[in-house]
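Subject: Structure handover and findings

Hi,

Here is the structure for your files. My notes on it follow below.

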Amino acid sequence: MSGLERIGVVGTGRMGANIAKRLHDVGYPIVALYDVRRESAQETAAETGGEVAQNLARVTELSDVVITVVTDDAAMYRIFATEGDSLLDGASGKVFVNCATVTPKVHVDVERLAQARGADSLEACMASSITQARDGTLYLMIGGRREAFDRMKPLLEKMSVSLRYIGEAGRAAQVKALVNMVMNINTAGLAEGLGLGDALGLDLDMLREVFSQTGANSRVLETDGADMQNRDHDVYFSAAHAAKDSGIALGLAAREGLKLPLARATFEQYERMRAHQLGELDKSGVSELTFKSRHGGV
């Protein structure tokens, strides 16, 4: 029998399911899976084993560590509710590792609620995508009590290729919001460059090569440039999530009295994608708004 912590996973979408599969592969017992779409949890359980839990309290009951990957602030508050079915039921001695990108204040609130029940909570913010979750090569930024981080470090190292402790609760989420804000700006900027190049009749293979050798180079050019050109928008990080994350960063800026015009324009582009029913495309799909022959020509 494994001496490793028993793992429960709440949220078995693209990221949660692949984290569960990765931990199963390296020997961690996956004992409980929960998703509002029960069939999603069942599909993951078919590969990892573990009980498809009927409620949140059952996940906590079966697990030593509960990894959560939910959609937004409201979902986080729902799974850590102080009344009704909740992960907080029977939580004493348990550790919650929360991987969703949510407002930093949510992580602070969840840590307070968990500690009141004798549990620990960490934010494990992921600056990577589906493939890295499956391979255990995530870039993880951790916030919360240092003692909790040290306790969970062996588990977190199995999920990541690079692991960084940022500081107290909320701090890692702040850094993640800035990472995604800048990434989204870079993505929207690349889409505009390629869109204008296409309208001018330039060879886009040549243009991307020139970009790669000059100040226009970026990580986004490597990951998204060809996809923008070829209209290959299989989702790794959705436009809807990009809009959410840029919105989180803008909220932080507003509280500091800062105006961020580039972040605002990028947010509005991703919101426009959602209005065009393109929100479930990959973030590279923002190019659909900038190429004259596509939605950008409307």
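Let me start with Arg145. At 31% relative accessibility, Arg145 counts as partly exposed; that class lies between buried, under 20% relative accessible area, and exposed, over 50% (1.4 Å probe, protein chains only). Arg145 sits in the loop between β7 (138–144) and α7 (146–159). Helices (H or I, at least four residues) and strands (E, at least two) are DSSP runs, numbered from the N terminus.

Some ground rules. This is a predicted model, where local features need pLDDT of at least 70 and side-chain atom pairs count only at pLDDT 80 or more, while totals for chains, interfaces and linings use all residues. Residues are numbered from 1 along each chain as its sequence is written, and side-chain values use heavy atoms, with hydrogens and water left out.

Back to Arg145. Not counting residues up to four places away in sequence, Arg145 touches Glu111, Gln115, Asp120, Leu122 and Tyr165. Contact means heavy atoms within 4.5 Å. Arg145 and Glu123 are 22 residues apart in sequence, and their C-alpha atoms are 9.9 Å apart in space.

Buried residues

Ser160 belongs to strand β8 (residues 160–167). Ser160 counts as buried, at 10% relative accessibility. A polar atom of the Ser160 side chain lies 2.9 Å from the backbone oxygen of Leu156. Leaving aside neighbours within four places in sequence, Ser160 is in contact with Gly136, Thr137, Leu138 and Leu140.

Asp245 is in helix α11 (residues 239–255). Its relative accessible area is 1%, so Asp245 is buried. Which side chain makes a polar contact with the side chain of Asp245? That of Asn180, at 2.6 Å. A polar contact is a pair of N or O atoms within 3.5 Å; within protein, one must be able to donate a hydrogen and the other to accept it, and residues adjacent in sequence count only if both atoms are side-chain atoms. Asp245 touches Thr101, Asn180 and Phe237, again not counting residues up to four places away in sequence.

Leu289 lies in the segment after α12 (261–275). Leu289 counts as buried at 5% relative accessibility.

Helix packing

Take α8 (residues 171–199) with α10 (residues 219–230). Their axes come within 10 Å and cross at roughly 40°. Axes are lines fitted to C-alpha atoms, for helices over the stretch in contact, and angles run from 0 to 180 degrees between N-to-C directions. The pair α8 and α10 is therefore oblique. For the terms: under 35 degrees is roughly parallel, over 145 roughly antiparallel, 65 to 115 roughly perpendicular, and the rest oblique. From α8, Met183, Asn186, Thr187, Leu190, Ala191 and Leu194 meet Val220, Leu221, Asp224, Gly225 and Met228 of α10. The residues of this contact divide into seven nonpolar, three polar and one charged.

Next, α8 with α9 (residues 204–212). The axes come within 10 Å and cross at roughly 140°. α8 and α9 are therefore oblique to each other. On the α8 side, Leu190, Gly193, Leu194, Gly197 and Asp198 meet Leu204, Leu207, Arg208 and Phe211 in α9. By class, that contact has five nonpolar, two polar and two charged residues. Ala, Val, Leu, Ile, Met, Phe, Trp, Tyr, Cys and Pro count as nonpolar, Asp, Glu, Lys and Arg as charged, and the others, Gly among them, as polar.

Best wishes
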